[in-house]
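User: I would like to go through the ring contacts and then the pockets of this model. Could we begin with the rings?
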Amino acid sequence: MKENAQKPITQITDKVQSWIESFIDNLPNLGVALIVLIISYFLSRLIYKITLRVAKKRVTQDSISRLIARAASIVIVLLGLFLALGALNLGKTLTGLLTGAGISGLVIGLALQGTLSNTISGIILSFRKNIRVGDWIETNGFSGEVIDINLNYFVLRSVDNNTVILPNKEILEKPFKNYSLTNRIRIVLECGVGYESDLNEVEQITKKAINDLFNQEEIQKEVEFFYTEFGDSSINFITRFWVDGLNGLEKLKAKSNAIVTIKNAFAKADINIPFPIRTLQFENGLSIQNNTSVVKESKD
């Protein structure tokens, strides 16, 4: 009975002892594998920087340069991993990993459809010429400067200096507006003047104010001015013109400056920009005015 009880203990002890001896025997290989992994990690970072520098000299699109650099660094890391497994005498394990890559890849692909979709979209976006790092775009309800096109996500820096991270497939599948494809932006302004105003004079003053603001006499032919409607208390017009600019912030600045300039020009020429008035009349003669719209009420 004692021999039967001691037999399993002896087997476990021998097994543990063999593991310890195997670990001690493989310590040099383990050290080599660890050194290989560390070297491959730092080498991948170095290769990324070198490849990025070389790619930027040959490729004009920054997103493609980054994609090439990332691919080169990933290859170095994978090579280091295979060498480390070989140093540990895990050749059979490595063969098994490569053999099972097809089946496991199918399973992982089904489980990570969203991630793979973002990765593929990131590769496609990296090669698109109508969207690049540094462009100012508007998409999915956000606008800002493109600061990175990663393999999984798209990074914007908005006007308020916040970082917006969007999935790549959202950028690829939905429309976006790129302000940086041209170096000119169109400004649209709407305003109204009083019915007593000289409409020809209003048009001339508006065009001159815009020309003087941007110091471009040639813009005179490009300034569009149209009266649009007879409003409740004003004759409304719309004016459209082009300015030099590459992003939404420059558009806002140009529009703001144009509004201030037109307002000052109208004030100097004694042209009225009326605001709506609401008048409430009661039977006892009391009246109250408010600046929204004209309404009359009588109390029976």
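User: Are Phe-237 and Phe-266 buried or exposed?
Analyst: In this predicted model, both Phe-237 and Phe-266 are buried.

User: What cluster do ring pairs make with them?
Analyst: Phe-237 and Phe-266 are linked by ring pairs with Phe-225 and Tyr-227 into a cluster. The structure as a whole holds 6 aromatic pairs. One of them joins Phe-225 to Tyr-227 edge-to-face, at 5.1 Å centre to centre and 85° between the planes.

User: Why does Phe-225 count as buried?
Analyst: Phe-225 counts as buried because its relative accessibility is 7%, under the 20% cut-off. Tyr-227, with a relative accessible area of 29%, is partly exposed.

User: And what is the geometry between Phe-237 and Phe-266?
Analyst: Phe-237 and Phe-266 are also edge-to-face, with 6.4 Å centre to centre and 70° between the planes. This pair links distant parts of the chain, since Phe-237 lies in strand β8 and Phe-266 in helix α9, 29 residues apart.

User: Turning to pockets, how much space lies in the largest pocket?
Analyst: The largest pocket holds about 180 Å³ of space. Its lining has 13 residues, and those closest to the centre are Glu-138, Tyr-179, Gly-248, Lys-251 and Leu-252.

User: Which element gives the most to that lining?
Analyst: Helix α9 does, with 5 residues. The lining divides into 7 nonpolar, 2 polar and 4 charged residues.

User: What about the second largest pocket?
Analyst: About 150 Å³ of space lies there. Its lining includes Tyr-179, Trp-242 and Lys-251, and β6 gives the most to it, with 3 residues. That lining divides into 4 nonpolar, 2 polar and 4 charged residues.

Definitions and conventions:
Residues numbered from 1 in each chain as written. Predicted model: local features only at pLDDT ≥ 70, side-chain atom pairs only at ≥ 80, totals over all residues. Heavy atoms only, no water. Phe/Tyr/Trp six-rings, centres within 6.5 Å; stacked < 30°, edge-to-face > 60°. Buried < 20%, exposed > 50% of the residue type's maximum accessible area, 1.4 Å probe, protein only. Helix = DSSP H or I, 4+ residues; strand = E, 2+ residues; numbered from the N terminus. 1 Å grid on protein atoms, 1.4 Å probe; cavity = no way out; pocket = protein on both sides within 12 Å on 5 of 7 lines; lining within 4 Å. Points joined across faces, edges and corners; volume = space filled by probe spheres on them. Nonpolar A, V, L, I, M, F, W, Y, C, P; charged D, E, K, R; others polar.
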